[in-house]
Number of protein chains: 2
Amino acid sequence: MKNSEDNYQNLLETSIVNINGEILKAEQAKISVFDRGFLFGDSIYDVTYTKDGNIIFFEDHIDRIYNSARLLGMSLFVSRDHIIKETIKTLKHSKIKNAYVRIIITRGETDITLDPNTSFKNNLIIIVRPQKVHPKEFYENGINLCISSVLRNNIKAIDPKAKSGNYLNNVMAMSEAKNLGYDDALMVNEKNEITEGTSFNIWFVKNNVIKTPHEKAGLLKGITREKIISLCRKNQLNLQIDNCYTEEIESYDEAFISSSTRGLIPVRTINNKKFLPPNEMKIYQKLSTLYNELVVGDKNNGQYNYL
Amino acid sequence: MKNSEDNYQNLLETSIVNINGEILKAEQAKISVFDRGFLFGDSIYDVTYTKDGNIIFFEDHIDRIYNSARLLGMSLFVSRDHIIKETIKTLKHSKIKNAYVRIIITRGETDITLDPNTSFKNNLIIIVRPQKVHPKEFYENGINLCISSVLRNNIKAIDPKAKSGNYLNNVMAMSEAKNLGYDDALMVNEKNEITEGTSFNIWFVKNNVIKTPHEKAGLLKGITREKIISLCRKNQLNLQIDNCYTEEIESYDEAFISSSTRGLIPVRTINNKKFLPPNEMKIYQKLSTLYNELVVGDKNNGQYNYL
C-alpha cells in the first residue's frame, strides 16, 4: 500500500492536466461531482503517447474518440481541431518528450438523471504525464496471462468498441488476475470466444499463421491492432481474423499482445500453456520490428511535433 | 437544452455536498480527475431519501453499500458508523426535510492503472438535495415503457446487484426510451428474460398472482422490492419470483414499478400492450397503500431523525 501511495504521489508530481482549456497542476485538477463521468462513467476517452515530442498515430486516436462518441450517442460540443489544439497546448506546457496522453470527454454536468439527452456541454480533460517505462523483462521473457472468469461485456449491453468511462468490467478481470499472481487477463464472451485482454488485443501464431479475434466477439479495435493488420497484409503474412476459442490455445506456438502505450509484448504463458520463449518467436520478433519502424516513421512526419 | 441548463442550475443552488467530511456548496464540490470513480466508474453508490427529517430504510441502504463493495472486491476504509454519521451531518446542515441522498464511495485516487489493488483510500461523497416531486400523472395515469434493445449487463460481466459507477448500460437504455417517446425502459438479458428497468424493479399481475423477475436474471435487489416481497408474504398475497419473459407481457392485467425514491408507480403500457387503468389495478393499489404505510412507520422509528 505504501508503494501505491508513492506511485500516486509520483503521478501527482509529474502530471499536467488541462480541464476545458485551463492548464492545471495535477493536485488542482478537479471536476464537479455532478459530472456525468463521475456519476455514471458517462464519458469517453482515448490514450495516446508521444516519442521525442511527436504524438504517435494521433489522427487515429482522434478518429476513435469520434467513433466512441457515436457509439454512445454522445453529442460533442467540442471540435476535432479544438481537441487537437488543446492536446498540443498541454504537451507543450508539460515539456515532456515521451508522454502518456489521456484525453477524456464527458457528457458534462447535468441534473442527476440517467437521461443523457439532458447533456448541454462536455468537459474535456487532458492528462499528460511521462510515459511509464514498462519492465524490460516483459519484452524479453514475456508476460503471464490467465483466462478471466469475468466475461467481457456483451456487445448489445455495452459495446467494448466504445472506449468509455465504464471500465469496471476490465478492472474486475485485472483484479482477479493480480490476485491469482498473473500479470494480466484475457477475457472471453458468453460464447467462450476470446475477445481481448483487459487493456490490449491478443494475437496467436501457429505454423506461421497469425490469428487474432474478430471484432464481432466484442473488443476494442486497437490502433496498434489496426497497424499490425496492415503490416501483415503489406508483408504477405498469413493473417486470420476470426473466432478464437480458449480450447485452441494449447495448439499455438506464439502469443503476444498489442497496445498503444506498450507496443507488442510476448506472452509466455496463458494459464498452464507455455508458448515458445520470446527470442524463438519468429513472427512476434518480425512484427515487433516492423511495428517499431512504423512508430519511428510516424514520429518523423512532424505534423504533431510539439517541442 | 435551455431547460436542461435550468435544471442543472437548480441542482447547484439547492444541493449540499459532503466530500470526505467537508460540507461544501454544490459549486465547490469537486473531485480529483485521478479518482478511480471518474476514470473507470470504479465506485459504488446508493440512494435513499428522507421524509419529514427521517432517513427512510437507512440501514437497508447501508447494508447494500457493503454488499456492492463486497461484490466488487472494494476495500472500505470508512466504517459503517462513519458513513451514517456523515450522512446525518450533511442532512442536518442542509435543513432539507424531504431530501434525496446519494452516497458515493470510490476506490480513491491511485496511479492510472486498472489494478484496483492499488487502492489505499476511499473518497466518500454525500450529495443531499430536495427530493424531486415526481409528476402526479405518473401515479394517476401510469407510465409508458418500452423493451430496450440494450441488453442488461450479464451477471458474469458486471453484476447488476452491485450498484456501481458503471451506469452506461442503463444510460443507453434510457436514452433509447426517451428518443422513442417512452418514459423509461425495461431491459432483458441474453436469454430474453426480463431483468429490471433502468433504475427500478418491475412487477406484473395476472388473476391476482403477482410476479417479479428472479435475481438470477441479473438485477438490483431493490430495497422497495424487498419491502414488497415482505408485504406480499405478510398479507398472504400470491407472489411468484421467477423468470419473466417478454412474450408473457401480453397476458398480464397489471404492471407497476418499484423504486426507493419513487415508491410504486403503475405502468400503463409496455410497447403495444396496454394494462388496466391504474384505478382499476387492485393489487397495485393495495400494495401501494401498504408500502406507503410502511414508509410512514419507518419515519416514526426516530432513529435516523436529523431535524
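Two strands count as paired if DSSP finds at least two bridges between them, and helices (H or I, at least four residues) and strands (E, at least two) are DSSP runs numbered from the N terminus. This is a predicted model, in which local features need pLDDT of at least 70, side-chain atom pairs count only at pLDDT 80 or more, and totals for chains, interfaces and linings use all residues. Residues are numbered from 1 along each chain as its sequence is written, chains are lettered from A in the order in which they are written, and side-chain values use heavy atoms, with hydrogens and water left out.

Let's start with the sheet of chain B. Its six strands follow the order E2-E1-E7-E6-E4-E5 in an open, antiparallel arrangement. E2 (22–25) and E5 (54–55) of chain B are the edge strands, each with a single partner, so one side of each has no neighbour in the sheet. Further in, E4 (residues 43–51) and E6 (residues 99–106) of chain B are joined antiparallel by seven bridges, with B:Ile44 opposite B:Ile105.

Axes are lines fitted to C-alpha atoms, for helices over the stretch in contact, and angles run from 0 to 180 degrees between N-to-C directions.

| Helix (chain B) | Residues | Angle |
|---|---|---|
| H3 | 58–71 | about 175° to E4(B) |
| H4 | 80–94 | about 35° to E7(B) |

Now for the two copies. Chain B can be laid on chain A by a turn of 180° and a shift of 0.0 Å along the axis, with an RMSD of 0.0 Å (least squares on C-alpha atoms of residues with pLDDT of at least 70 in both). The copies are thus related as by a two-fold rotation axis. B:Phe34 has contacts in chain A, including A:Tyr8, A:Leu11 and A:Ile127.

Methods. Contact = heavy atoms within 4.5 Å. Lists of a residue's contacts leave out its neighbours within four places in sequence.
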